[in-house]
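Me: I am new to reading protein models. Please take me through this one, feature by feature.

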Amino acid sequence: MKYSDLADLPTVVDITTAARALGLSRSYAYYLAKHDKFPCKVIRIGACYRVPASALRALLSPDETPAVTT
């Protein structure tokens, strides 16, 4: 998945889409999410895992620095 494709994602994506964006296998992504070791924020809704697209974009674009509030 290219970074330009990330801009077209909905607000949240399933774990399989997030895994594809990160270059992970589906099963390894579920393993990481289940053990709270996924590299970005994961929302669990029942047995489903969702990943905010903004968290993926932040993880995959190190050039953009988040605003710091104090």
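**Reading the fold**

Reply: Start with a hairpin. Strand 2 and strand 3 form one, with two residues between them. In the turn, Gly46 has a positive phi of about 65°. This is a predicted model: local features need pLDDT of at least 70, side-chain atom pairs count only at pLDDT 80 or more, and totals for chains, interfaces and linings use all residues. Residues are numbered from 1 along each chain as its sequence is written, and side-chain values use heavy atoms, leaving out hydrogens and water.

Me: How many helices and strands does the protein have?

Reply: Helices (H or I, at least four residues) and strands (E, at least two) are DSSP runs, numbered from the N terminus. The protein has four helices and three strands. Their pattern along the sequence is α-β-α-α-β-β-α.

Me: In which sense do strand 1 and strand 3 pair?

Reply: Two strands pair if DSSP finds at least two bridges between them. Strand 1 and strand 3 pair in the antiparallel sense, over three bridges. Asp14 has Arg50 of strand 3 as its bridge partner. Strand 2 (residues 43-45) also pairs with strand 3 in the antiparallel sense, over three bridges. There, Arg44 has Tyr49 as its partner.

Me: Which residues of helix 4 are buried?

Reply: Buried means under 20% relative accessible area, with a 1.4 Å probe and protein chains only. In helix 4 (residues 53-60), the buried residues are Ala53, Ala55 and Leu56. They lie on the same side of helix 4, because they cover an arc of only 160° around the axis. The arc is that of the directions from the helix axis to the C-beta atoms.

Me: What covers the buried residues of helix 4?

Reply: Look for contacts (heavy atoms within 4.5 Å). The cover includes strand 1 (12-14), helix 2 (15-22) and strand 3 (48-52).

Key
Buried < 20%, exposed > 50% of the residue type's maximum accessible area, 1.4 Å probe, protein only.
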